[in-house]
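The following exercises ask the reader to work through a structural model step by step. Each task is followed by its solution.

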Amino acid sequence: MVAGGGSAGGGVGAAAGRLMNLARSTRFPLSAPSWPSTVDRPDPDRKIGLDYDHEWSRRYPVRLARAMVMDNVARPLARVVAPATVRGLEHLKHVEGPVIFAANHASHVDTPLLLTTLPVEFRHRTIVAAASDYFFDRTWKSILWSFSLAAIPIERSKVNRRSADMAAELLEDGWNLVIFPEGGRSPDGWTQEFRGGAAYLARRTGRPVVPVYLHGTRHVLPKVAGGRDARGPGGSGSESRRGGGLRRSPISVLFGAPLTPDEGENARRFSERIEASVAILAREVDGDWWVARRSVSRVDARPGAELSHRGPEAPAWRRAWDLDTPPNQVRGMKRWPE
Amino acid sequence: MSRRPGFVLEVDKSTPPTLFWDGEGFTLETLPEGSRVIYAPEPMKALDDPYGAIRHALLNPLGDRDPLPALLFAGMKLTICFDDISLPLPPMESPDIRQMVIETVLDMAADAGVDDVMLVAALALHRRMTEDELRHALGNRVYDAFAPHGLLTQHDAEDPENLLFLGQTDEGEDIEINKRAATSDLLVYVNINLVAMDGGHKSVATGLASYRSLRHHHNPHTMTHSKSFMDAPKSELHSSNWRMGRFIADAGVKIFQIETTLNTDTFPPSFSFLQKREWEWNLRDRASYAASSAALGKVPPRMARQIFHSIKSPHAMTSVQAGEVEAVHAVTTENVWAQQGVDVTGQTDIMTLGLPYICPYNVNSIMNPILVACLGLGYFFNLYRGKPLVREGGVLILRHPTRPEFHPGHHPSYIDFYEQVLTQTVDPVRIHKEFEESFATDPWYIHLYRTGHAYHGVHPFYMWYWCAHALEHLGRVIIVGGDPVAVRRLGFSPASSMNDALEIASDVVGPSPTLTHLHAPPIMMADVH
């Protein structure tokens, strides 16, 4: 399925992009500093981060309001800004929820774009595991993400029993969970090593894991690493603009077959299997399931070969070169200066 | 809330950029994830009643010394010596500790009817202080009572009439010190112990000595065998000074040592962000940083220098002890470590430092390239006990503009050292052998030292020897943002950005090095296990 877009969408996208650029331009010290996750906060009364009480965000009136925003604002906007090709929804037809969606992570738009492509029976009953040090480090951010994405705070830099207990309880309460096992956005689009959180929760709760591959989201909202200098060599050139806000670009969302841990399979092994399933989905982007499966079979035939989507061990430009190319032309792009 | 000890932060994704000093300015750098940043302990509480504490120390001396009033008597010859402009850093708000201590000593001397009192600034080979600097250190009351009558003097290490040769230690070290001090019935030394290196026998054996004496411990051999000179038991510099100090005591010079320690409350409230952890910066801190960075970026370096050198530090006294030199210094050193010590586990491949605008030898002056090297490799590198923070063969990355600028009045011999010596070699041993004597005995430099406000001709050599331990230990030194010609003249590698510096460093320490940043000033000492 490909959603269309037009010139009006370009205006909305550009405006959103400008807003994102403005938000990004106010970095520390102009904006308040973030708090290192390795340092304890002195004031436990602040109730943010892992301490944030997000139970309100799953009450019925809030769910209703969120569903209205999601269906009437977010989904139409997503169709305009990031027209999506969605594959593999059939895998969700016969799976018994709740499930854990384990996806690769390349952009901040991954979460809303994934949620907006979920079938309705999942969409409004899904919570998102979000980094407590990033999305819950301010009260206003905690409220925003709890409401808009039903996000819950997760400790990502180390194993945290509270995070795990909370996620497991919500799964057992019937909530689906979106988790990005990489622990953070990929710096270059290649998948990073999966951490064991999704696999651990699946083993603990017995719920299946649905692998998801999100393709092209990094072109919609690229990760800007290292501040303003990283945006490009020119202060006002096109490169510096391209590093920042939202840009219209098509994406693909691929759902894989649900996975459950095998008898005796530990969390580490299961996590490797989830990562391999996402890697297979990544190969489907440029072809089809059969092409991907055959290429995987060839890889697997080599002794000791690992199936992943982590890219070659090569300098940054070579990794970028091998990954993919951004869309040459986006519908709505102006062909000459006004 | 109780004072927080020093802290080693592990940088992660959420860590805000880290403040680096950059000469007369500062910048924020994003360090790689997994790097360590060492923050100084918070300032200790100041003494509630500093004058009362001073009196208590003078009346209850440590070691084999009577209370000061018992040592004072009518008709005696009393000399009060004090540390010079190099301490503390930055200069402290009035009243200076020296003023408080000397006023108290003079009160007791007046009560005892002592008439023959002379004050001597213990300069060693440093520049003479100006009237304003002396007034700031001693207060107007003391200055106006002594200076007009010629009773406030500054030690002259090149005045043969006022030097006394006391003899040689068992190691053959010549001991020649200020004659007035050596021939007094009592020598009271008023010290400020900013770092663990200061004080003890070094006060008299260095501060009041001549070149003939100083050359025995200010040389490349001593410096490379001082690991570090902040750790007296492992410092050859201190061993030599201790031998000399004991010889001076045995020769009959009676010293009443008064040592003081300061807390690390280094910057006034308008610059308080400089001593806070970045993630604790409040709106005012961020506004101060943004405003001062923007302003400093717009003004010429000369004006920025004037702004910074006008800063007076709110340092406060945390302890004062008096009596016999070694007994006093043992307590002082403990107090310094209690304020400045930070436990650090393990060495690092790369150590980064942002160098500030000031070091002991450019107060109210210019930080020239030789002083940049001395501050980074001499002072900051040596702020350790146990093992150096950076491993042997590791890399030191400094951030400083390193402009080839010199104060011609204060540092005349530095200019020639930079142009004539460093163009030949940067090897401290070769410099010592081939060039030192000609600079040390140059009559023009001696004239400027004695009559103007110039550092002695040999002083830049000592600054270079100060770097000898680090030069021997490190695989490479990189200066970020420095003048490339000046940086190369020092024998170091220039880099335009921290990322470039890390790339250059990877040639020495490999592609995945460990990195530790010393977030100083405020001053701290790494206790490396």
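pLDDT is the predictor's confidence in each residue, on a scale from 0 to 100. This is a predicted model, in which local features need pLDDT of at least 70 and side-chain atom pairs count only at pLDDT 80 or more, while totals for chains, interfaces and linings use all residues. Residues are numbered from 1 along each chain as its sequence is written, and chains are lettered from A and ligands numbered from 1 in the order in which they are written.

**Exercise 1. Confidence and overall form of chain B**

Task: State the mean pLDDT of chain B, then describe the secondary structure and the radius of gyration of chain B.

Solution. Step 1: chain B has a mean pLDDT of 96, and 100% of its residues reach 70 or more. For the model, the scores are ipTM 0.74 and pTM 0.73.

Step 2: helices (DSSP runs of H or I, at least four residues) and strands (runs of E, at least two) are numbered from the N terminus. Chain B comes to 22 helices and 20 strands. Its radius of gyration is 22 Å, close to the 24 Å that the globule rule gives for 529 residues, so chain B is as compact as a globular protein of that length. The radius is taken over C-alpha atoms, and the rule is 2.2 Å times the number of residues to the power 0.38.

Step 3: the C-alpha trace of chain B spans about 70 × 55 × 45 Å along its principal axes. A residue is buried if 20 or more other C-beta atoms lie within 10 Å of its own, exposed if 12 or fewer, and partly exposed in between, with C-beta atoms placed from the backbone. By this criterion 56% of the 529 residues of chain B count as buried. Two residues are in contact if their C-beta atoms, placed from the backbone, lie within 7 Å. Among contacts in chain B with a separation of 6 or more, 80% join residues 24 or more positions apart.

**Exercise 2. Two helix pairs**

Task: Characterise the packing of H14(B) with H19(B) and of H8(A) with H11(A).

Solution. Step 1: axes are lines fitted to C-alpha atoms, for helices over the stretch in contact, and angles run from 0 to 180 degrees between N-to-C directions. A crossing is left-handed if the near helix is turned anticlockwise from the far one by less than a right angle, and right-handed if clockwise.

Step 2: in chain B, the axes of H14 (residues 369–380) and H19 (residues 459–466) come within 8 Å and cross at roughly 35°. This crossing of H14(B) and H19(B) is left-handed. From H14(B), Ile370(B), Leu371(B), Cys374(B) and Gly378(B) meet Pro460(B), Met463(B), Trp464(B) and Trp466(B) of H19(B). The contact has seven nonpolar, one polar and no charged residues; Ala, Val, Leu, Ile, Met, Phe, Trp, Tyr, Cys and Pro count as nonpolar, Asp, Glu, Lys and Arg as charged, and the others, Gly among them, as polar.

Step 3: in chain A, H8 (residues 197–205) and H11 (residues 267–284) pack at about 115°, their axes 8 Å apart. H8(A) passes H11(A) in a right-handed crossing. Ala198(A), Ala199(A), Tyr200(A), Ala202(A) and Arg203(A) of H8(A) make the contact with Ala267(A), Phe270(A), Ser271(A) and Ile274(A) of H11(A).

**Exercise 3. The contact between the chains**

Task: How many residues does the contact take from chain B and from chain A?

Solution. Step 1: chain B and chain A contribute 16 residues each. Step 2: on the side of chain B, strand S1 (7–10) and helix H11 (283–298) each supply at least two residues. H11(B) gives the most, with three residues. Step 3: by class, this side has eight nonpolar, three polar and five charged residues.

**Exercise 4. Backbone exceptions in chain B**

Task: Locate the cis peptide bonds at Pro88(B) and Pro95(B), and decide whether Asn364(B) is buried, exposed or partly exposed.

Solution. Step 1: most residues other than glycine have a negative phi, and most peptide bonds are trans. Step 2: a cis bond joins Leu87(B) and Pro88(B), with omega about -15°, and another joins Ser94(B) and Pro95(B), with omega about -5°. Pro88(B) is in the loop between S5 (77–83) and H3 (97–112) of chain B, and Pro95(B) lies in the loop between S5 and H3.

Step 3: Asn364(B), in the loop between S14 (348–354) and H14 of chain B, has a positive phi near 55°. With 19 C-beta neighbours inside 10 Å, Asn364(B) counts as partly exposed. Thr402(B) has a positive phi of about 45°, and is buried, with 29 other C-beta atoms within 10 Å.
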